[in-house]
Amino acid sequence: MTRTAVYPGSFDPVTLGHTDLIERSLAFVDRVIVAVAVNASKQPLFTKDERVALLNKAVTHPAVEVQAFDGLLVEFAKRVGATVIVRGLRAVSDFEYEFQMALMNRQLQPGIETVFLVPAFDLTYLSSSLVREVARFGGDVSQLVHPATVEALKLKFRR
Ligand code: PNS
C-alpha cells in the first residue's frame with residue numbers, strides 16, 4: 001500500500017524550511033504531494049504558476065509531486081488518496097492556528113490525520129514572509145531559499 005501525504009501551504013515563495021520538511025516527510029510516507037493553495041486569503045507576491053514552478057525547481061525527488069489546489073484542503077487530500085496532512089511547527093506562535101486547522105480538518109474528514117514536524121534547528125525562524133521582506137529591501141536571502149527563488153525574487157523586485 002502506498003502511503004501518501006499532502007504538504008499544503010501558500011509557498012510564497014518556497015524556502016529551505018519547506019524543502020527540509022518535505023525531505024523529513026519521506027521518512028514515513030512513500031509519496032508527498034506539495035499542495036499549493038490558490039485561494040489563500042493573502043494576496044500573494046508570486047502567482048500560482050510561479051509558486052508551482054519554483055517548488056518544482058527546489059524539489060526534484062521522484063516521490064514528490066507539486067499540485068495547485070482550490071477549495072478545501074481535505075477534499076483535495078481525499079481526491080489524491082492522501083491519509084496524512086503534514087505541517088511544520090516552528091514556534092509556539094504557530095501552535096494556536098495549526099491546532100485549529102488540524103481539528104477543523106479532522107472534523108471535516110476524520111480519516112485524515114495531521115502530523116506536525118519540527119524543522120531543522122537553523123531553519124526554525126525562517127518564513128516566506130520574512131524572505132519576501134528581506135528581498136524587497138535588497139537583502140541577501142541566498143542562504144534561505146533555492147537559487148531559482150533568489151533570481152525570481154530579484155526579478156520581482158527588479159534589483
Ligand atoms: O502556508 P499557509 O498560508 O500557512 O497555509 C495555509 C493553508 C493553505 C494550508 C490553509 O489556509 C488551507 O488549508 N487552505 C485551504 C482551504 C481550507 O481547507 N481551509 C480550511 C482549513 S481548516
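Y7 touches H18, L21, I22, V32, I33, V34, A35, V86 and R87, leaving out residues up to four places away in sequence; contact here means heavy atoms within 4.5 Å. The model is a predicted one, in which local features need pLDDT of at least 70 and side-chain atom pairs count only at pLDDT 80 or more, while totals for chains, interfaces and linings use all residues. Residues are numbered from 1 along each chain as its sequence is written, and side-chain values use heavy atoms, with hydrogens and water left out.

Buried stands for under 20% relative accessible area, exposed for over 50%, and partly exposed for what lies in between, with a 1.4 Å probe and protein chains only. Helices (H or I, at least four residues) and strands (E, at least two) are DSSP runs, numbered from the N terminus.

Next come the empty spaces. Rolling a probe the size of a water molecule over the atoms shows where empty space is left. On a 1 Å grid over the protein atoms alone, a cavity is a set of points where a 1.4 Å probe fits but cannot get out, and a pocket is an open set with protein on both sides within 12 Å along at least five of seven lines; lining residues have an atom within 4 Å of a point. The largest pocket has a volume of about 1,100 Å³. It is lined by 40 residues, of which G9, S10, K42, R87 and Y97 are the closest to its centre. Helix α4 (92-108) gives the most to this lining, with 7 residues.

The structure also holds 1 cavity of 30 Å³ or more. About 40 Å³ of space lies in the largest cavity, whose lining is made up of P8, L73, I85, R87, E98, M101, A102, N105 and T114. Here too α4 gives the most, with 4 residues.

Helix α4 is also the place of D94. Why does D94 count as buried? Because its relative accessibility is 12%. The side chain of D94 reaches the backbone nitrogen of R90 at 2.9 Å. Not counting residues up to four places away in sequence, D94 touches G88 and L89.

S127 lies in the loop between β5 (113-117) and α5. S127 counts as buried because its relative accessibility is 13%. The side chain of S127 reaches the backbone nitrogen of L130 at 3.2 Å. Leaving aside neighbours within four places in sequence, S127 is in contact with T15 and R90.

Technical notes:
A polar contact is a pair of N or O atoms within 3.5 Å; within protein, one must be able to donate a hydrogen and the other to accept it, and residues adjacent in sequence count only if both atoms are side-chain atoms. Grid points are joined across faces, edges and corners, and a volume is the space filled by probe spheres set on the points.
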